[in-house]
Amino acid sequence: MDLLGMAGRRPWLPMVVCCSTRDELDAVCSAVSNISYISVTPLYSDLAEAERALVLDRFRHTTMKWNQKAAVQSGDEGDEKEDQKSHMIVATDACLPLLSSGESPISSSVLINYELPTKKETYTRRMATCLASDGIVINMVVGGEVVTLKSIEESSSLVIAEMPINVSFCIASLKAMFSKLAEKLVVG
């Protein structure tokens, strides 16, 4: 929650949290719903197609705001607080857009793998459907999942850096990354 608390303070920051089960999705949504500066939306597999499209379109709109430097350069005092919240979609793998069916990727700035998938294909699908090209992935890994993560790293030719257990150090590192990202948005 400390990590989300820090990341969520960036106005309009688009984040996706991927879970393996609906129970995990509900648990994450419940915990995040108490954070006043993050707008959280669950993406359930049983949503009506129109509702699902609306959730994804709203999130893509948030992503466009972020990409248009609105989070950094906005001088609009008229924006409502709801609009300035970070936006988070929490989804299971069954709910992710199907790129092969012509659906557009979500392109969030932050992808959090709440539970590490056991298959490399699922891991790469999460990245392809959820993550912007300049985004960051945060893997929540416990005990036995380290072996799975190393296996994914080796079989996919990805370099996955390990974050230290000390959360305050992680938060300081993420603050530095977000500052650099904000600088890129101002300059670029």
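**Briefing on a predicted α/β chain**

Read along the sequence, the protein chain follows the pattern α-β-α-β-α-α-α-β-β-α-β-α-α, with eight helices and five strands in total; helices (H or I, at least four residues) and strands (E, at least two) are DSSP runs, numbered from the N terminus. This is a predicted model, in which local features need pLDDT of at least 70 and side-chain atom pairs count only at pLDDT 80 or more, whereas totals for chains, interfaces and linings use all residues. Residues are numbered from 1 along each chain as its sequence is written, and side-chain values use heavy atoms, with hydrogens and water left out.

**Confidence**

- The mean pLDDT of the protein chain is 77, and 71% of its residues reach 70 or more, pLDDT being the predictor's confidence in each residue, from 0 to 100.
- Where pLDDT is low, the predicted coordinates should not be read in detail.

- Of the 188 residues of the protein chain, 40% count as buried; buried means under 20% relative accessible area, exposed over 50%, and partly exposed in between, with a 1.4 Å probe and protein chains only.
- The protein chain exposes about 10300 Å², of which carbon and sulfur atoms supply 54%; accessible areas come from the Shrake-Rupley method with a 1.4 Å probe, and for residues only the protein chains shown count as cover.
- Among the contacts in the protein chain with a separation of 6 or more, 79% are accounted for by residues 24 or more positions apart.

- Strand S1 (residues 14-19) is mostly covered, with six of its six residues buried.
- Pro-14, Val-16 and Cys-18 point one way from S1, while Met-15, Val-17 and Cys-19 point the other way, and all are buried.
- S1 runs parallel to strand S3 (residues 86-92), to which six bridges join it, and within S3 the bridge partner of Cys-18 is Ala-91; two strands pair if DSSP finds at least two bridges between them.
- S1 also runs parallel to strand S4 (residues 108-113), here through four bridges, and within S4 the bridge partner of Met-15 is Val-110.
- Ile-138 has its place in strand S5 (residues 131-139) and counts as buried because its relative accessibility is 6%.

**Nonpolar cores**

- The largest nonpolar core has 16 residues, of which Val-17, Met-88 and Val-90 touch the most other members; such a core is a set of buried Ala, Val, Leu, Ile, Met, Phe, Trp, Tyr and Cys residues joined through side-chain atoms within 4.5 Å.
- S1, helix H2 (22-32), S3 and S4 each supply at least two residues of this core, and the largest share, four residues, comes from H2.
- Apart from this core lies another, of 15 residues, among them Cys-18, Ala-91, Leu-96 and Ile-106.
- In soluble globular proteins, nonpolar side chains tend to be buried together.

**Cysteines**

- The structure holds zero disulfides, a disulfide being a pair of cysteine sulfur atoms within 2.5 Å.
- Cys-19 is in no disulfide, and the nearest cysteine sulfur, that of Cys-29, is 7.4 Å away; Cys-19 counts as buried because its relative accessibility is 0%.
- Cys-95 is likewise in no disulfide, the nearest cysteine sulfur being that of Cys-18, 9.5 Å away; with a relative accessibility of 3%, Cys-95 counts as buried.

**Loop residues**

- Ser-36 is found in the loop between H2 and strand S2 (38-43) and counts as exposed, since its relative accessibility is 56%.
- The C-alpha atoms of Ser-36 and Lys-85, 49 residues apart along the chain, are separated by 8.1 Å.
- Ser-107, in the loop between S3 and S4, has a phi near 60°, a positive value in a residue other than glycine, and counts as partly exposed at 24% relative accessibility.
- Most residues other than glycine have a negative phi.

Notes: Contact = heavy atoms within 4.5 Å.
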